[in-house]
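Hi! Here is the structure I promised to pass on. Have a look at it first, then read my notes below.

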Amino acid sequence: MTADHQTSSALWYPGHMAQWRRQLDERLKTLDVVLLVVDARAPRATCPQGLLEAVGNKPVLILLNKTDLADANVTVQWVRFFERQHPTVSISATHPKGAAKSAILSGILNAYQAKASKQSLQGLKPRPARAMAFGVPNVGKSSLINALVGAKKVRTASKAGVTRTSSWVRVHPQVDLLDTPGLYPLSGVALDAHEPLSLIRSVGEAVVKPEDVAQYLVTLLCQRYSAVFSNWFGHPIDPEAPLSLETIARAKLWLSSGGEPDVVQTAQRLLKLFRDGKLGKFTLEIPLPL
């Protein structure tokens, strides 16, 4: 293994994540259902097969989160895609209200129903259902728990690595939910997932340079969302000739003190605009047939 590969592995799999992975199998024995939280802007990157394999045969409810930041038409396709494998609920970022909130709680209680009935037949009082919020970093697990409770019970931030230990929270009289650190599969992360994960801040800036991530975003938007991106850019865009960061810097007058295009500043501004939803509502990946 090269030094560069070792560095990359450490960044993708920090110590607190490795510790949580070692505890996972024991935790799973106490659970009734796993809530796999997926970012609707990058569903494939945030739902790697390795995570599904890690939970074994436990019932899974997929929560397609942050749909208010994603392309609504593509979200519909992703919901259909995931529903072929597991029950799926789409929710907007940190605000699962009304029907979505009811669907989440119902999904948890339905998964626990058979076990609760068995306990009742044995003369035992059924305990609250036990669920776990699970997924890669920064997909909204902790924010989801706070929204279900209706109060800030666990710490949140719009970056990876904030939750470093697991903790139980009662989100409903009949439901206990385990908040967990973000986790990547032991098999690693596919190379084509690096940029999407960086864009949604599931990994830190040390993994992929912001300029490279921003150029990936610009190329994708030029090719797949050229009309919307042209409107923001202020000039027609040729999908076959994606813009460069230098071209955008000159057009927007994002220049250095010497009057040259400031590529670093341009990358930072573009990434912030995307993450705040101010460029538009985009989905970075489209579902492929099963």
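Trp-254 counts as buried, because its relative accessibility is 9% (buried means under 20% relative accessible area, exposed over 50%, partly exposed in between, with a 1.4 Å probe and protein chains only). You'll find Trp-254 in the loop between helix 11 (245-252) and helix 12 (263-275). Helices (H or I, at least four residues) and strands (E, at least two) are DSSP runs, numbered from the N terminus.

Before you go on: this is a predicted model, where local features need pLDDT of at least 70 and side-chain atom pairs count only at pLDDT 80 or more, while totals for chains, interfaces and linings use all residues. Residues are numbered from 1 along each chain as its sequence is written, and side-chain values use heavy atoms, with hydrogens and water left out.

Back to Trp-254: leaving aside neighbours within four places in sequence, its contacts (heavy atoms within 4.5 Å) include Trp-232, Pro-261, Arg-269 and Thr-266. Thr-266 is 12 residues away in sequence, and the C-alpha to C-alpha distance is 6.4 Å.

Now zoom out. The protein chain has 12 helices and 6 strands, and 48% of its 290 residues count as buried.

What about the sheet? It is open, with 6 strands in the order 3-2-1-4-6-5 and mixed pairing (two strands pair if DSSP finds at least two bridges between them). Strand 3 (88-90) and strand 5 (167-172) are at the edges with a single partner strand each, so one side of each has no neighbour in the sheet. Strand 1 (residues 33-39) pairs with strand 4 (residues 129-134) in the parallel sense over 4 bridges, and Leu-35 sits opposite Ala-133 in strand 4.
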